[in-house]
Amino acid sequence: MPRGGKGKRRRRRPSGSPSAVASQFGQAGEAGRPAGVDVAEPARKRKRRRRTKVAKPQGQVVAAVSGGNVELFEAAITDKKGHKRSKKARHRRGLQGRPLASNGKSHAADRPGDPRGAEAAAAAQPAQAPRPQNLRAPFVAASEAPAPLYAALDLGTNNCRLLVAQPTRPGQFRVVDAFSRIVRLGEGLGASGRLSDDAMERSVEALKICAAKLNARSIRRRRLIATEAARSAANGETFLKRVAEETGLELEIIDRETEARLAVSGCSSLVDRETRSVVLFDIGGGSSEIAIIRIGDNRSSRLANHITHWTSLPVGVVTLSERHGGEHVTPQSFEAMVREVEGMLARFDSPPVEALANGGDGFHLIGTSGTVTTLAGVHLDLPRYDRRKVDGLWLSDDEVSAMQSRLLSWDFAARAANPCIGPDRADLVLAGCAILEAIRRRWPSTRMRVADRGLREGLLTDMMADDGAWRRARPRRHQRSFNGGSANLEGNKAHEGNRTHEGNKAHEGNKI
């Protein structure tokens with residue numbers, strides 16, 4: 001007879017159901033089914049239900065039966081829920097047609113007193129295995145070859161720097177490795193005219209690290225240069241022979257004109273299209289290069305082709321600070337340094353600033369040196385120097401004056417404590433500010449752009465352009481073209497992305 005006045009008759013479960021097992025133990029309880037059955041159930045439907053029941057672990061039913069009526073009822077409800085989930089699971093398909101992993105787990109595995117809990121947990125473990133996060137590898141065309149590597153090394157009066165990069169978009173490249181160390185090769189050069197033994201020893205040790213980095217990679221082209229210290233020292237050639245013997249690196253001494261052109265080439269991307277004239281300066285350790293750039297309607301792909309006037313002053317932060325003192329700088333000694341540089345600039349024949357400005361806003365200054373990047377870092381009040389925030393930053397004339405006055409008011413300890421200066425450059429930064437002030441007085445401008453780049457970037461740009469590295473079409477990753485071919489690879493900017501501490505320090509200014 002139907003229960004509760006309902007006329008719908010329930011079908012009998014197969015012998016393996018929880019009700020049948022409960023009847024064997026004499027505990028039908030609430031989980032049992034009525035005695036009336038309909039044996040005319042189609043075999044196909046019975047087989048389908050039986051297949052869904054087998055998917056549940058058997059240890060769950062036995063453990064529920066041994067626990068009593070209440071636990072048996074819970075097991076039956078769990079079985080029904082699992083039956084509904086198994087139907088839904090047919091429609092939940094992951095990538096490649098695989099079913100998604102189930103979050104359900106066996107109750108028997110959670111009961112510490114069940115001897116078969118471990119077996120149930122082991123049986124359910126493969127279904128809970130985590131899926132890999134990267135199901136697809138990035139597409140790489142079969143014809144794609146790795147981008148060639150280029151290396152540039154700059155041994156200056158104050159720093160030894162190395163840069164290894166590969167070309168990306170036209171005019172840009174991605175840094176693969178970088179190194180920078182303050183060696184002060186020109187220490188005492190102004191007084192003796194020779195490189196000291198300690199300075200040469202420091203430089204050789206830094207160059208050994210650079211040689212190890214270069215030998216560890218397959219470099220297509222490299223150019224290794226030395227600037228003012230090796231150029232003006234009486235024993236400069238002897239020092240370079242020692243470098244070749246101990247490190248295997250063949251360095252070339254470049255002239256002042258080449259140094260000015262390389263500084264301009266390294267800053268090409270910082271000159272906007274609307275700019276008509278620029279005064280670019282590179283304040284180094286032993287010399288300072290200044291280039292007048294005038295851009296007409298037909299702009300060349302190489303900014304150095306627009307240089308109309310250039311000069312190289314035989315003064316830098318190292319030589320100027322040694323002559324006037326770098327630790328204890330007073331307003332009077334600072335003005336004396338400015339007047340000395342102004343006397344050198346007076347002999348430079350260049351167009352007047354009115355002709356460069358041409359009555360518009362298309363004229364500005366570009367500073368590529370550690371002095372300028374230090375001013376930018378202090379202006380931004382950075383807790384640690386960050387090249388990504390400094391390179392390309394615009395500073396107004398008032399902001400530059402404020403930063404110079406602020407540095408001049410600090411004593412040596414305060415400058416050394418600043419994270420953007422540090423103890424290695426605390427005695428040099430004001431000498432650089434004096435050179436900058438002389439340049440600003442000669443070519444007044446309402447704004448100045450900061451460039452944390454220099455000779456190394458110019459070397460890399462020239463080598464890649466000479467090789468036609470940016471004219472070669474390179475396939476693009478992660479994307480196919482509509483015609484079945486490959487598109488060009490979209491490169492990053494020259495120095496973007498995350499870097500290691502050493503790589504970030506390698507870009508903390510150029511030639512301070």
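How are helices α12 and α13 oriented to each other?

## Helices α12 and α13

In this predicted model, α12 and α13 are oblique to each other, because their angle is neither under 35 degrees (roughly parallel), nor over 145 (roughly antiparallel), nor 65 to 115 (roughly perpendicular). Helix α12 (residues 317–324) packs against helix α13 (residues 331–345) at an angle of about 130°, with the axes 11 Å apart; axes are lines fitted to C-alpha atoms over the stretch in contact, and angles run from 0 to 180 degrees between N-to-C directions.

Leu320, Arg323 and His324 in α12 meet Ala336, Met337, Glu340, Val341 and Met344 in α13, where contact means heavy atoms within 4.5 Å. The residues of this contact comprise five nonpolar, one polar and two charged, with Ala, Val, Leu, Ile, Met, Phe, Trp, Tyr, Cys and Pro counted as nonpolar, Asp, Glu, Lys and Arg as charged, and the others, Gly among them, as polar.

## Strand β4 and its partners

Strand β4 (residues 221–226) runs parallel to β1 (residues 150–155), to which six bridges join it, and Asp154 stands opposite Ile225 in β4. Strands pair if DSSP finds at least two bridges between them, while helices (H or I, at least four residues) and strands (E, at least two) are DSSP runs, numbered from the N terminus.

## Basis of the model

Residues are numbered from 1 along each chain as its sequence is written, and side-chain values use heavy atoms, with hydrogens and water left out. The model is predicted, so local features need pLDDT of at least 70 and side-chain atom pairs count only at pLDDT 80 or more, whereas totals for chains, interfaces and linings use all residues.
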